[in-house]
Amino acid sequence: MTKITFVGAGSLVFTRNLCSDVLLSPALQDCTISLMDIDSERLCPSRDAVRSIVDRRGIKAHVEATTDREEALRDADYVVTTFQQGGLEAYEMDVQIPRRYGIEQCVGDTLGPGGVFRALRTIPVLLDLCREMEDLAPDALLLNYVNPMAANCWAVDLATGRPCVGLCHSVQDTSEMLAEWADVPYEEMVYFCAGINHQAFFLKLRRGGEDLYPRVKKAVGREEIRGREPVRIDIMENFGFFVTESSGHASEYMPYFRKNARMVEEELVPRFTDERNYWYDFGRTGGYLRHCLDRLEESREEYAELQASGGTEPPTARTHEYGSYIIEAIEKNTSIRVNANVPNHGLIRNLPDGCCVEVPCLVDGNGVQPTTVDRYPTQLAALNRTNVNVQELTVEAALTGDVEAVHHAVMLDPLTSAVCTLSQARAMVDELLEAQARWLPQFREGLKV
Amino acid sequence: MIKIAFIGAGSVVFTKNLLTDVFKFPELRGTTVALHDIDPERLETAGMMARWTSGQRGAGATVEEHLDRRAALDEADFVVNMVQIGMHKATLLDFEIPRRYGLKQTIADSMGIGGIFRGLRTIPFMLDLGREMEELCPGAILLNYTNPMSMLTWAVYKAHPSVPVVGLCHNVPYTIREIASYIGVPHEEMAYDGAGINHIVWLTRLECGGEDVYPRLLAAMEDPEIYAKDKVRFELMRRFGYFVTESSEHNAEYTPYFLRDDELVKRYDVPVDEYIRRSEANLVEYAKTREKLLAGESFPLERSVEYGSLIVHSVVTGEARMVYASIENTNLVENLARGCCVEVAVAVDGTGLRPCHYGELPPQLAAHCAPHAAVQDLTVRAALEGNRDHVYHAAMLDRHAASVLSLDEIADVVDELIEAHGDALPEGIRTNATRATR
């Protein structure tokens with residue numbers, strides 16, 4: 001029987017959605033779902049929500065919940081990671097400390113000082129997990145949803161070589177949006193997308209023989225569309241291709257958009273005119289953090305509702321998250337294509353060997369098989385490399401405990417280097433290292449604090 | 001509506017098999033099938049067969065017959081190539097001349113002296129086809145089924161880089177089925193990785209239900225009945241550690257170990273001159289097929305293992321699939337030469353074909369493929385540059401020829417074959433009589 005373990009299952013909404021997807025797959029309805037979180041208070045709502053799905057659908061799946069990671073991992077076939085090391089407490093530091101140094105991060109979970117520190121906290125946990133899997137689930141496939149995707153997956157590959165695939169929904173979200181802009185039925189649109197996570201590009205966008213880029217370029221002339229994605233449209237118009245992660249995110253991976261608070265508030269924020277983009281607060285600094293804090297309240301309310309009503313009707317359709325489709329394709333030996341994060345071994349030749357790339361992968365009974373990207377445009381590779389530079393040093397810092405590598409990573413971050421002097425960047429990193437020391441075991445010896 | 005051009009459609013049975021596969025897909029109903037052959041009677045036979053197949057499948061295909069290749073290619077979405085340049089007569093020369101020098105061959109269509117000359121007489125055609133595709137159906141995918149697979153595919157991507165080309169062969173799926181039968185498991189449940197060059201794809205991972213089945217295959221080899229079915233490939237597995245695709249009769253002539261003398265031929269049951277018999281049988285089968293068509297008889301309509309229809313279906317519908325195909329080595333197999341033609345896993349979807357990166361083959365397996373890739377390189381260069389010297393170089397470097405013949409004998413075989421094939425060969429090779437390398 002297939003056993004699927006979720007590590008960090010306390011993320012209620014995400015866990016419920018992924019499990020609902022899995023349980024909607026006919027091939028997986030008798031699987032064992034093992035939910036693990038270190039916080040039993042957060043774990044219970046997830047367990048109840050997933051059990052409620054099983055009960056309501058009347059299927060045979062077995063749902064267990066535990067705070068003991070070893071128990072959860074034992075004999076797992078798939079391990080899905082959704083945890084957030086340090087939680088919102090650490091995340092708040094990722095945003096607020098750099099802000100005092102003039103770094104205006106909108107999300108701050110991918111690159112920038114926030115992304116670097118999120119990686120430094122996360123990688124030790126992932127490596128511990130992999131070590132436990134060596135004994136308890138040696139053949140299991142690791143499906144990582146934890147950000148920062150690229151640095152985390154790169155570290156796992158470098159340190160353990162374990163089969164790991166990094167999953168995100170930015171490609172699905174963006175492709176759906178582009179189909180809408182091009183005014184074509186989503187099912188009829190064909191796309192080829194590659195790059196690095198959160199900065200991959202739609203290299204081909206077609207419907208039958210028709211290139212859809214001209215339609216997209218026409219659509220972005222409309223004010224209401226431009227107001228939805230001002231940054232990504234800028235990037236397309238200047239680099240030639242549409243990027244996968246939303247404008248709030250995309251603005252902080254580059255030095256052009258948010259060099260200071262005035263620029264953010266007066267130049268960037270007014271360009272966001274679409275109400276649906278509330279979740280990162282129209283590109284404002286700390287927008288996503290505030291969204292997460294709000295969500296915390298909402299999920300408490302949802303849980304109360306769940307308990308009161310004895311469970312809401314479970315979803316009847318699968319989300320576009322790749323996780324359940326990958327597991328299904330491997331188990332049933334059917335074929336699907338996903339855009340997933342994998343080590344760059346010969347896949348994109350103008351990106352560094354071994355870095356984490358997001359490319360189309362064919363998944364079937366043979367596993368996750370990445371495909372190569374021929375002639376990746378030079379300007380896109382160059383742009384990606386400004387991010388890969390930071391990821392590489394972050395991974396080095398996480399794996400070696402070299403504090404200097406943390407400094408180098410942040411100094412080379414495109415946004416930080418557009419704002420801070422070297423001594424400011426150094427002071428900021430020192431402050432972050434001190435504030436987050438309890439989550440950074442790898443630096444204990446190297447730290448002066 | 002999509003248009004598929006079949007070039008060399010007079011290979012009637014193969015045309016029927018591919019069309020049976022294509023018409024099985026509801027999404028490919030109404031396809032335009034543009035058949036081309038230079039032989040009017042074979043073309044007419046192919047037309048009858050295509051219409052019959054479409055009718056049986058209720059596919060509503062539009063079948064066109066074109067003696068003019070350009071008309072067949074015009075605005076095609078896919079071009080399937082299955083020509084045989086020189087047909088049976090040329091095949092006989094490839095066998096008979098080397099045989100007089102004591103060089104035995106089994107199939108002689110993909111490597112060795114026979115492979116080199118089949119390559120030399122087919123590449124000029126491939127170059128014309130590539131040129132016409134650039135002009136008449138830019139962007140159409142060329143699915144090449146004609147041997148020698150590696151050389152022909154290589155010549156196209158080298159001379160016409162804008163033509164998307166893949167070489168297709170059934171050696172991988174057939175081998176997986178054979179292995180499954182040797183170890184008694186359903187072939188659908190096998191998982192595998194493989195890489196190499198066409199006909200020499202090494203299966204470096206072979207699993208069933210998560211279990212490595214190499215121990216079972218090694219055990220199966222000890223059963224004399226099973227061993228007798230595939231002696232050459234079992235010996236290669238015993239010595240090199242991995243099972244190879246294609247077949248024992250093919251692989252016998254790719255190495256110096258099985259075909260050098262009568263004692264070896266006997267010990268390993270190598271069917272010398274096998275392809276001559278198959279080629280004759282093909283002629284008989286063609287004649288019978290034509291008679292049956294004219295008499296209104298039926299044919300079996302089973303799905304084949306060929307990848308062609310799957311690729312068409314995936315590109316048209318966007319449904320992703322994995323196939324094995326021959327394609328340019330853009331560092332896909334790291335320890336085979338850049339630019340050589342490798343056979344690896346290739347994913348197909350609505351955006352076309354994208355090969356998977358394989359990495360490094362175990363060194364002994366790369367070393368086994370590399371000499372053949374070098375011979376293919378020399379043959380392609382000989383044809384593209386009209387360089388006769390490279391024909392000698394290629395022949396001297398063939399592993400099997402070198403195990404039987406002296407340098408002088410190899411040069412004489414080459415000269416005789418060039419003379420015998422005459423006009424079929426690229427001009428520079430025919431007229432440029434230099435033998436500087438002798």
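**Exercise 1. Determine whether helix H1 of chain B is mostly covered or mostly open, and what its buried residues pack against.**

Step 1. Helix H1 of chain B is mostly covered, since eleven of its twelve residues are buried, where a residue is buried if 20 or more other C-beta atoms lie within 10 Å of its own, exposed if 12 or fewer, and partly exposed in between, with C-beta atoms placed from the backbone. This is a predicted model, in which local features need pLDDT of at least 70 and side-chain atom pairs count only at pLDDT 80 or more, while totals for chains, interfaces and linings use all residues. Residues are numbered from 1 along each chain as its sequence is written, and chains are lettered from A and ligands numbered from 1 in the order in which they are written.

Step 2. Helices (H or I, at least four residues) and strands (E, at least two) are DSSP runs, numbered from the N terminus.

Step 3. Among the buried residues of H1(B) are B:Val12, B:Phe14, B:Lys16, B:Leu18, B:Leu19, B:Asp21 and B:Phe23. The buried residues pack against strands E1 (3–7), E2 (32–36) and E4 (78–81) of chain B, and also against helices H2 (40–57), H13 (274–294) and H14 (308–317) of chain B, with contact taken as C-beta atoms, placed from the backbone, that lie within 7 Å.

Step 4. One of these partners, H13(B), has 21 residues and reaches 30 Å from its first C-alpha to its last, close to the 30 Å expected at 1.5 Å a residue. Just after H13(B), B:Gly296 takes a positive phi of about 75°.

**Exercise 2. Describe how chain B is divided into domains, and which element gives the largest share of the domain 1 side of the contact.**

Step 1. An automatic or database domain assignment gives domain 1 (3–88 + 107–167) and domain 2 (89–106 + 168–272 + 306–438) of chain B. Their centres, taken over C-alpha atoms, are separated by 22 Å.

Step 2. The contact between them takes 45 residues from domain 1 of chain B and 57 residues from domain 2 of chain B. The elements giving two or more residues to the domain 1 side include H1, E4, helix H4 (87–100) and helix H5 (112–136) of chain B.

Step 3. The largest share of that side, eleven residues, comes from H5(B). The residues of the domain 1 side divide into 29 nonpolar, eleven polar and five charged; Ala, Val, Leu, Ile, Met, Phe, Trp, Tyr, Cys and Pro count as nonpolar, Asp, Glu, Lys and Arg as charged, and the others, Gly among them, as polar.

**Exercise 3. Work out which part of chain B touches chain A.**

Step 1. In this interface, 21 residues of chain B are in contact with 21 residues of chain A. Strands E7 (190–197), E11 (321–328), E12 (341–349) and E13 (352–355) of chain B each supply at least two residues of the chain B side.

Step 2. The largest share of the chain B side, three residues, comes from E12(B). The residues of this side divide into nine nonpolar, eight polar and four charged.

**Exercise 4. Identify the residues that touch the most other members of the largest nonpolar core.**

Step 1. A nonpolar core is a set of buried Ala, Val, Leu, Ile, Met, Phe, Trp, Tyr and Cys residues joined through C-beta atoms within 7 Å. The largest has 265 residues, of which B:Val79, B:Val80, B:Val344 and B:Val346 touch the most other members, and its largest share, nine residues, comes from H5(A).

Step 2. Not counting residues up to four places away in sequence, B:Val346 touches residues including B:Val166, B:Val323, B:Ile327 and B:Leu353.

How values were computed:
Two residues are in contact if their C-beta atoms, placed from the backbone, lie within 7 Å. The expected span of a helix is 1.5 Å times one less than its number of residues.
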